Amino acid sequence: GTLVVTLLQSSSIKWLAGTKYSFNFKLQNPPAEQNAPFVAVSAKGASSSDNISPENMDTPGDDDDLLPLYIKQPAIEEIEIGQKTPAPGAHNTITVTIKVNAPI
């Protein structure tokens, strides 16, 4: 898909050189795993000399979890089972512990 953001300039809105601007938007991730897609940024200015060709976005480190639109495969990371007592005739408690890597 494509997201188009229009940046306006007027007497009340000025984009200052050397100033970092950021914005965000919300979306819903798909229900299934996917690799991070190619994400690029480009810009069209008032004249062709103001244009910026598509460039890869910087991503935060090598952790796939931080890549835009990377969706991990839900999985059980750990599972343990145990009992409170092995004594014959005793009341017993069985405990199951599960750790997942994503909401299931």
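Trainee: What should I know about the numbering and the values before we start?
Mentor: Residues are numbered from 1 along each chain as its sequence is written, and side-chain values use heavy atoms, with hydrogens and water left out. This is a predicted model, where local features need pLDDT of at least 70, side-chain atom pairs count only at pLDDT 80 or more, and totals for chains, interfaces and linings use all residues.

Trainee: How many salt bridges are there in the whole structure?
Mentor: A salt bridge here is a side-chain nitrogen of Lys or Arg within 4 Å of a carboxyl oxygen of Asp or Glu. With that rule, the search of the whole structure comes up with three.

Trainee: Which residue forms a salt bridge with Asp-65?
Mentor: Asp-65 is partly exposed, at 41% relative accessibility (buried is under 20% relative accessible area, exposed over 50%, partly exposed in between, with a 1.4 Å probe and protein chains only). The closest N and O atoms of the pair are 3.2 Å apart, and the partner is Lys-72.

Trainee: Which type is the aromatic pair, and how far apart are the ring centres?
Mentor: The structure holds one aromatic pair, and rings of Phe, Tyr and Trp (its six-membered ring) pair if their centres lie within 6.5 Å, with planes under 30 degrees apart counting as stacked, over 60 as edge-to-face and the rest as tilted. Trp-15 and Tyr-21 have their ring planes at 70 degrees, so the pair is edge-to-face, with centres 4.6 Å apart.

Trainee: Is Asn-35 buried or exposed?
Mentor: Asn-35 lies in the segment before strand 1. Leaving out residues up to four places away in sequence, Asn-35 touches Leu-69 and Tyr-70, where contact means heavy atoms within 4.5 Å. Even so, at 65% relative accessibility, Asn-35 counts as exposed.

Trainee: What is phi of Leu-69 near?
Mentor: Leu-69 is in the loop between strand 2 and strand 3 (76–83), and at 34% relative accessible area, Leu-69 is partly exposed. The value is positive in a residue other than glycine, near 70 degrees.

Trainee: What volume does the largest pocket have?
Mentor: On a 1 Å grid over the protein atoms alone, a pocket is an open set of points where a 1.4 Å probe fits, with protein on both sides within 12 Å along at least five of seven lines; lining residues have an atom within 4 Å of a point. There are 34 lining residues, with Leu-3, Phe-23, Ala-40, Val-41 and Met-57 nearest the centre. The volume is the space filled by probe spheres set on the points, which are joined across faces, edges and corners. For the largest pocket, that is about 1800 Å³.

Definitions and conventions:
Helices (H or I, at least four residues) and strands (E, at least two) are DSSP runs, numbered from the N terminus.
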